[in-house]
Amino acid sequence: MNERNLPGGEMSSRILDFFWIADCSGSMNGEKIQTLNYAIRQTIPDMRKEADANPNASIMVRAVKFSDGAAWHAPTATAIEDFNWTDLTAGGVTSMGAALELVAGELKQFPTDTKRLPPVLVLLTDGQPTDDFRKGLDELLATPWGKKAVRIAIAIGKDVDLAVLEQFSGNAELVLEAKNPQLLVKFIKWASTVVKNVSAPSVGDSGSGVIDVNTIPVALDDDDEIW
Amino acid sequence: MTKSGRPAKRAVDAGDKSNEATHALEAVATSASEDKSNEAAHSPEGSVRDAHGIAGKVSASGNTKSAWQAIGSIVIGATHLRNNKPCQDALFLRTEKDFAIACVADGHGSSSCPYSDEGAKAAVRVADAVLEEMLPNLHDHKDILLPKTIEIAWKDEIRRLHAEAGREPPPDGRAFPYILYGTTLLAAVAARDFIFALQIGDGNMLMVDKRGVRPVLAVAENVGEDTESLCLDDAWRFVRTQIIPRSVRSPAMFLLTTDGYSNSFADSAGFFKAGTDFFNIWREDGLDVIAENLQDWLRKSSDKGSGDDIAMGVMTWQ
């Protein structure tokens, strides 16, 4: 065979953007923020394994923290291979709307081509927004990728406004109620595994349509309700 | 929908193994026997297996007097191989004396579309039959009759396949779940004086000539994996068509690919460069060289890039 060079320009794998959106308000102080830090750190080796197993998708991680306002905790998109988690500390109020605006601003920059996979947004909170949540959510859903994203909400404890989280996720099944540290760890770990599912095409579905909700960890009747 | 007695036409999918490969070889042998005068120069025929034992490369040079030649290849995606999923793309090629047809389709592959590989194969078969039948009237590409005919024919075929497979019919009063077989479709028929192209859903069709490379059809404004589909209600509304008169009698190449190919490039410039590279290889070294290498190129593209199935049809116009 008369072998030739590969036609065309540079090749690259597809991009999967993963966002942690973490509540650092004062009520998170203590075991909640410690567990959140522990659990997210625990997801990194598994996400790296997933990246190794699927060389056709590059997992890029970002993190946003919110309390008195919102800010990038991991300021630039970082390949999971290079991503490390720096512990968050808690204090302040719950500026959830500002956090969603920050994410919306990032998603606006993404080209709407077929190369990119639906982003995964994981919102973790133990309370109720103290700012204009609706404005932030509207901005997020006004972006093509925000609307298309897989949006998972993890409610930490029993003081969370679940209706708000359902508005965020657009799917009640993707609002996970963590009533103790063990469940929070399980849910965070599960949320990190959805990167496996976010590569199949869908017709008319939102990105959440590709998630198998049957794999979500289930709280047992004898689980302690600590928070 | 498949017609018999057309030796140079074949549908190939990378998921089918020995039977399709044998069929393709037999089909080429038959066509070569019909016109032995120039087969070597025009028929880079044969079906080969890639490293995974999947059949792919095929040509459709059934009538060597045609101004058109058509070759193509199909590979199962690297991600599909790792996850033991079938190839959900399909390819169909045909060259006749007065026209050539190339069709590719991309079954959606999501959990709500478990039979999309069958849907894709049905789509390319249906497109071939409808395009041939309507060829005399294709000059008016604004006509909605063709998109409607393809939608109806595909849905008829899907219901037939569903029943034939013994799958459960929808409950009384419920619409047939065409989504089970959801697929895109790109098809082109090249006639003496024009090329007619149609597309529903994602994928790319490029025209390349000495003036450069350009898309044949407008790009649908979808985000990410969202795609229009033959399975949608009133799918004909989403069919885009184009007709290109053969006013400039200079060599031209048309590339039809499923989106697994364009998604393998870092950017669109890299994809368009592929179109130019294909054209230059054809002009400098001939279509045989492309036919020999195409499956290997697509295999490497999927491995290094999108990981998706790739089907590509290449038509050249001398």
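Biologist: At what angle do helix α2 (residues 96-107) and helix α3 (residues 133-142) of chain A pack, and how far apart are their axes?

Modeller: Two packed helices are described by the angle between their axes and the distance between the axes. Here α2(A) and α3(A) pack at about 15 degrees, with their axes 7 Å apart; axes are lines fitted to C-alpha atoms, for helices over the stretch in contact, and angles run from 0 to 180 degrees between N-to-C directions. The two helices are therefore roughly parallel to each other (angles under 35 degrees count as such). This is a predicted model, in which local features need pLDDT of at least 70 and side-chain atom pairs count only at pLDDT 80 or more, whereas totals for chains, interfaces and linings use all residues. Residues are numbered from 1 along each chain as its sequence is written, while chains are lettered from A and ligands numbered from 1 in the order in which they are written.

Biologist: Which residues of α2(A) and α3(A) meet?

Modeller: On α2(A) they include A:M96, A:L100 and A:V103, and on α3(A) they include A:F133, A:L137 and A:L140, where contact requires C-beta atoms, placed from the backbone, within 7 Å. By class, this contact has nine nonpolar, two polar and three charged residues (Ala, Val, Leu, Ile, Met, Phe, Trp, Tyr, Cys and Pro count as nonpolar, Asp, Glu, Lys and Arg as charged, and the others, Gly among them, as polar).

Biologist: In what order do the strands of chain A lie in the sheet?

Modeller: Helices (H or I, at least four residues) and strands (E, at least two) are DSSP runs numbered from the N terminus, and two strands pair if DSSP finds at least two bridges between them. In chain A, six strands form an open sheet of mixed pairing, in the order β3-β2-β1-β4-β5-β6. β3 (69-79) and β6 (175-178) stand at the edges with a single partner strand each, so one side of each is left without a neighbour in the sheet. The twist averages 15 degrees from one strand to the next.

Biologist: In which sense do β1 (residues 14-23) and β4 (residues 120-125) of chain A pair?

Modeller: They pair in the parallel sense over five bridges, and A:F19 has A:L121 in β4(A) as its bridge partner. Helix α6 (residues 181-193) of chain A packs on the sheet, touching β4, β5 (150-156) and β6, and its direction makes about 170 degrees with that of β5(A).

Biologist: How many residues does each chain give to the contact between chain A and chain B?

Modeller: Chain A gives 30 residues and chain B gives 39. On the side of chain A, helix α4 (residues 144-148) gives the most, with three residues.

Biologist: What average pLDDT does chain A have?

Modeller: Chain A averages 89, and 92% of the residues score at least 70, pLDDT being the predictor's confidence in each residue, from 0 to 100.

How values were computed:
Parallel < 35°, antiparallel > 145°, perpendicular 65-115°, else oblique. Contact = placed C-beta atoms within 7 Å.
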